[in-house]
Amino acid sequence: MRPRVLVAGIGNIFLGDDGFGVEVIKELEQADLPPWVQIADYGIAGMHLAYDLMGGYDTTILLDATPHGRPPGTLSLIEADTEDLAASASIDAHGMRPDAVFRLLRLLGGDAGRVLLVGCEPACLDEGIGLSPEVTAAVPAAVRAVTELAWGTSPQLQTTEV
């Protein structure tokens, strides 16, 4: 069965809470996910993510630290408008942010399908390995949210559209 959902952990593990997506992927490796879900740790390899998205997915779920001014550890579910994201991004193969990934994907003629972001408000993005206690505490809830999304149920998170 071809995977229909890609769950992509993104972020830099050397910048504290920016490693949130990578940590959630580690936990998802033990989760009960349906066979149509593929999980992958992309870290800061945005170019790799863009090329993998060329394989065609119905849904892409990104896991990342997302500062919005909320209390650290707050999770949010955001449905991204990839057209808006791709319109203003510049491409740098060595450090592609999600907006640049979608711009490259669009230039290559690909489509990420529906794009959801399970984001976590970081406490600290300073140099250093390891998540803050607040973000560490949010990882199990993020795993539950992704599992619910994969099985087609709605997670109980704050929902925002961008």
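Visitor: How many helices and strands does the secondary structure of the chain come to?

Guide: In this predicted model, the chain has five helices and six strands. Read from the N terminus, the elements follow the order β-α-β-α-β-β-α-α-β-α-β.

Visitor: What does the chain average in pLDDT?

Guide: The average pLDDT is 84, and 83% of the residues score at least 70.

Visitor: What share of the residues in the chain is buried?

Guide: Of the 162 residues in the chain, 46% are buried. As for contacts in the chain with a separation of 6 or more, 78% of them join residues 24 or more positions apart.

Visitor: How should I read a pair of packed helices?

Guide: Two packed helices are described by the angle between their axes and the distance between the axes. The case here is helix 1 (residues 20-28) with helix 5 (residues 133-150): their axes come within 9 Å and cross at roughly 55°. That angle makes helix 1 oblique to helix 5. The crossing of the two helices is right-handed.

Visitor: Which residues make the contact?

Guide: Helix 1 contributes Phe20, Glu23, Val24, Glu27 and Leu28. From helix 5 come Val135, Val139, Ala142, Val143, Val146 and Thr147. Sorted by class, the contact has eight nonpolar residues, one polar residue and two charged residues.

Visitor: Which residues are buried in helix 1, and what do they pack against?

Guide: The buried residues in helix 1 are Phe20, Gly21, Val22, Val24, Ile25 and Leu28. Helix 5 is one of the elements that the buried residues of helix 1 pack against. They also pack against strand 1, strand 2 (37-43), strand 3, strand 4 and strand 5 (114-120).

Visitor: Where is Val5 found, and what does Val5 touch?

Guide: Val5 is in strand 1 (residues 5-10). Its relative accessibility is 9%, so Val5 counts as buried. Not counting residues up to four places away in sequence, Val5 touches Trp36, Val37, Gln38, Tyr57, Thr59 and Ile61. Arg114 is 109 residues from Val5 in sequence, and the two are 9.4 Å apart in space, C-alpha to C-alpha.

Visitor: Is Gly43 buried or exposed?

Guide: Gly43, in strand 2, has a relative accessible area of 16% and is therefore buried. Leaving aside neighbours within four places in sequence, Gly43 is in contact with Gly9, Ile10, Gly11 and Val22. Val22 is also among the buried residues of helix 1. Gly43 and Ala8 lie 35 residues apart along the chain, with 8.7 Å between their C-alpha atoms.

Visitor: How do I read the loop between strand 3 and strand 4?

Guide: Take two of its residues, Thr66 and Thr74. This loop runs between strand 3 (59-65) and strand 4 (75-80). Thr66 has a relative accessible area of 9% and is buried, whereas Thr74, with 24%, is partly exposed. The cut-off for buried is under 20%.

Visitor: Where is Glu79 found, and what separates its C-alpha atom from that of Leu117?

Guide: Glu79 is in strand 4. At 31% relative accessibility, Glu79 counts as partly exposed. The C-alpha atoms of Glu79 and Leu117 are separated by 6.3 Å, with the two residues 38 apart along the chain. Leu117 is also among the contacts of Thr66.

Technical notes. Residues are numbered from 1 along each chain as its sequence is written. This is a predicted model: local features need pLDDT of at least 70, side-chain atom pairs count only at pLDDT 80 or more; totals for chains, interfaces and linings use all residues. Side-chain values use heavy atoms; hydrogens and water are left out. Axes are lines fitted to C-alpha atoms, for helices over the stretch in contact, and angles run from 0 to 180 degrees between N-to-C directions. Helices (H or I, at least four residues) and strands (E, at least two) are DSSP runs, numbered from the N terminus. Angles under 35 degrees count as roughly parallel, over 145 as roughly antiparallel, 65 to 115 as roughly perpendicular and the rest as oblique. A crossing is left-handed if the near helix is turned anticlockwise from the far one by less than a right angle, and right-handed if clockwise. Contact means heavy atoms within 4.5 Å. Ala, Val, Leu, Ile, Met, Phe, Trp, Tyr, Cys and Pro count as nonpolar, Asp, Glu, Lys and Arg as charged, and the others, Gly among them, as polar. Buried means under 20% relative accessible area, exposed over 50%, partly exposed in between (1.4 Å probe, protein chains only). pLDDT is the predictor's confidence in each residue, from 0 to 100.
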